[in-house]
Amino acid sequence: MASAVVKLKNFATGFKIAFVPSSSCRTLNTCHRLSNEVKDNWFSKVFVRKIEPTKESHSRLLSDKDVIYELQTHNIRPDMRDKYLSNYEKHCQLMASSDINAELVGSWSVIVGDQDQAFHVWRYIGGYAEIDKACEHRRLWNEQGQCIRARHNQYVLTFSFWPQIESRKGPNVYEVRNYVLKPGTMIEWGNNWARAISFRRENEEAFAGFFSQIGRLYNVHHVWAYSDLQSRKETREAAWRKPGWDECVAYTVPLIQQMHTKIMVPLPFSPTQ
């Protein structure tokens with residue numbers, strides 16, 4: 001029986017791979033061009049978004065802003081919540097009065113998911129030089145440490161295709177959906193979500209889209225804003241009724257190793273409500 005060649009693309013490396021089945025053996029070879037007969041079959045319809053090798057960093061391709069964001073996650077001791085919130089508000093005031101080109105984007109308390117948890121997003125205009133300055137102004141961290149059980153932070157960039165982050169009037173509930181991707185798949189994720197975000201613009205629920213730079217790598221964070229949980233349910237169901245949304249989900253699910261979600265409400269001093 002003559003061997004049949006099926007050529008697919010390896011998105012993790014940017015090269016195409018060819019599987020060559022035969023009656024006696026199967027071999028794996030690299031190649032650089034799809035054959036005409038394969039382009040029209042169902043495999044080519046699945047892998048329509050191609051990723052080519054590049055000499056630019058993935059972060060430069062996915063984000064066009066010289067702005068760094070910091071995501072802070074704090075697990076608060078239940079008996080120290082009030083003291084923690086007072087401490088953090090003072091920290092925000094100290095940062096605002098400093099010469100650091102940084103601003104608080106939002107602060108939230110988790111109500112569904114990890115309980116007794118606060119989530120903060122800071123924007124640093126000017127890149128890592130401003131972050132270096134900010135590290136010298138964290139005078140209240142020792143006091144904060146008495147109020148929490150654990151804390152974690154990441155430095156991230158925004159996806160260029162997401163809407164610009166803007167403060168909102170309340171009341172709103174926010175959902176942050178965290179994805180841990182397979183290494184090497186960030187460009188493929190971005191290519192698919194550049195299309196997928198168009199299905200979620202109608203109700204303006206897209207608040208922010210981040211991908212990690214320092215900290216836990218290959219992390220993606222999508223933040224959505226809804227008027228309430230019922231609105232969230234209706235908005236998400238409406239997306240599934242739009243032709244093409246199901247394809248975007250089908251393309252991106254295989255890229256995910258883990259995913260988590262939590263529902264949050266803004267803290268009183270949060271710029272976005």
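Let me start with a question: how many of the residues of H7 are buried? Eight of the 11 are, which leaves H7 mostly covered. Buried here means under 20% relative accessible area, exposed means over 50%, and partly exposed is in between, with a 1.4 Å probe and protein chains only. H7 is a helix, residues 186-196. Helices (H or I, at least four residues) and strands (E, at least two) are DSSP runs, numbered from the N terminus. Among the buried residues of H7 are Glu 188, Trp 189 and Trp 193.

Before going on, some housekeeping. This is a predicted model, where local features need pLDDT of at least 70 and side-chain atom pairs count only at pLDDT 80 or more, while totals for chains, interfaces and linings use all residues. Residues are numbered from 1 along each chain as its sequence is written, and side-chain values use heavy atoms, with hydrogens and water left out.

Now the sheet. Eight strands form a closed barrel with antiparallel pairing, in the order S4-S6-S5-S11-S8-S10-S9-S7. Two strands count as paired if DSSP finds at least two bridges between them. On average, neighbouring strands are turned by 35° against each other, direction ignored; the axes are lines fitted to C-alpha atoms, for helices over the stretch in contact, and angles run from 0 to 180 degrees between N-to-C directions.

Take S8 as an example. Eight of its nine residues are buried. S8 is joined to S10 by eight bridges, and eight bridges also join S8 to S11. Both pairings are antiparallel. Val 180 has Asn 219 as its bridge partner in S10, and Gln 258 stands opposite Val 180 in S11.

Next, the pockets. Rolling a probe the size of a water molecule over the atoms shows where empty space is left. On a 1 Å grid over the protein atoms alone, a pocket is an open set of points with protein on both sides within 12 Å along at least five of seven lines, and lining residues have an atom within 4 Å of a point. The largest pocket has a volume of about 460 Å³, counted as the space filled by probe spheres set on the points, which are joined across faces, edges and corners. Its lining has 21 residues, and those nearest the centre are Thr 73, Asp 114, Asn 178, Arg 216 and Lys 262. S7 gives the largest share, four residues. The lining divides into six nonpolar, 11 polar and four charged residues. Ala, Val, Leu, Ile, Met, Phe, Trp, Tyr, Cys and Pro count as nonpolar, Asp, Glu, Lys and Arg as charged, and the others, Gly among them, as polar.

The second largest pocket has a volume of about 270 Å³. Of its 18 lining residues, Arg 177, Tyr 179, Trp 193, Trp 245 and Val 249 are closest to the centre. This lining divides into 13 nonpolar, two polar and three charged residues.

Which helix holds Trp 245? Trp 245 is in H9, and is buried, at 6% relative accessible area. Cys 248, Tyr 251 and Thr 252 of H9 are buried as well. Down the axis of H9, the buried residues fall within an arc of 125°, so they line one face of the helix; the arc is that of the directions from the helix axis to the C-beta atoms.

Terms used:
On a 1 Å grid over the protein atoms alone, a cavity is a set of points where a 1.4 Å probe fits but cannot get out, and a pocket is an open set with protein on both sides within 12 Å along at least five of seven lines; lining residues have an atom within 4 Å of a point.
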